[in-house]
Amino acid sequence: MSAPTAAALAHTRRVCSLYKKTLRNLESWYDRRHIFRYQATLMRARFDQHRNEKDPAKVAQLVADGEKELFEKQHYQPKKFPMSPGGVAFEREVIPPDWVLDYWHPLEKAQFPDYFARREKRKEEYVIWWEKQYGKSSANDSSSHH
C-alpha cells in the first residue's frame, strides 16, 4: 500500500472538518440529545453515501456543495465551549507574571523552600546568560530605571 499524497490528505482533512462542523451545527440546532443523535445519524448516512466516490471533480463538487449548505444552514447563535475562543470563559484566568513571586513575604516563601531555592538558582543562571548575551549593564543604566 502506497503512502497517501498531500492532496489526498488535504481532501481527507477538509471532509473531516466539514463533518465535524456539520455535527457542531446540528448540536446548536437540536438541544434534545435524542433528536440530535437522529439528525447526526442522517447526516452520517449522507456522508457515507458518497464515501467511495472516485471521480476527483465530483468529490470536490460534493465538498463545495456541503460547505455551501453548511454556511446557509448555520445556526444564528452557535454553541461554544466556555474555555474555547469565543466562549464565555476564554482567557478569563489571568496568569500572574513571575515577578509577583519576588514580593511574597519570607514566611510565605518558607512554605515552599525547594521551589524558591530552585527559582533563585534559575534567576542567577538567567542573569549570567543575559550578561553573556547582551553584556553587563552599567551603573548609569540602573539609575535611569523607570
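Colleague: How much space lies in the largest pocket?

Modeller: First, the ground rules: this is a predicted model, where local features need pLDDT of at least 70, side-chain atom pairs count only at pLDDT 80 or more, and totals for chains, interfaces and linings use all residues. Residues are numbered from 1 along each chain as its sequence is written, and side-chain values use heavy atoms, with hydrogens and water left out.

Modeller: Rolling a probe the size of a water molecule over the atoms shows where empty space is left. A pocket is an open set of points on a 1 Å grid over the protein atoms alone, where a 1.4 Å probe fits, with protein on both sides within 12 Å along at least five of seven lines; lining residues have an atom within 4 Å of a point. Points are joined across faces, edges and corners, and the volume is the space filled by probe spheres set on them. Here the largest pocket holds about 1200 Å³.

Colleague: Which residues lie nearest the centre of the largest pocket?

Modeller: Val15, Leu18, Arg46, Phe47 and Val63, out of 37 lining residues. Helices are DSSP runs (H or I, at least four residues), numbered from the N terminus. At least two lining residues come from each of α1 (6–29), α2 (33–49) and α3 (56–72), and α1 supplies the largest share, 13 residues.

Colleague: How do the residues of that lining divide into nonpolar, polar and charged?

Modeller: Ala, Val, Leu, Ile, Met, Phe, Trp, Tyr, Cys and Pro count as nonpolar, Asp, Glu, Lys and Arg as charged, and the others, Gly among them, as polar. The lining of the largest pocket has 19 nonpolar, 8 polar and 10 charged residues.

Colleague: What lies in the second largest pocket?

Modeller: About 500 Å³ of space. Its lining has 20 residues, with Lys21, Arg24, Asn25, Pro78 and Lys79 closest to the centre. α1 gives the most to this lining, 9 residues. The lining of the second largest pocket divides into 6 nonpolar, 6 polar and 8 charged residues.

Colleague: Is Tyr126 buried, partly exposed or exposed?

Modeller: Buried means under 20% relative accessible area, exposed over 50%, and partly exposed in between (1.4 Å probe, protein chains only). Tyr126, in helix α5 (residues 113–134), is partly exposed because its relative accessible area is 48%.

Colleague: And how is Ala57 classed?

Modeller: Ala57, found in helix α3, has a relative accessible area of 53%, so Ala57 is exposed. Ala57 and Arg37 are 20 residues apart in sequence and 31 Å apart in space, C-alpha to C-alpha.
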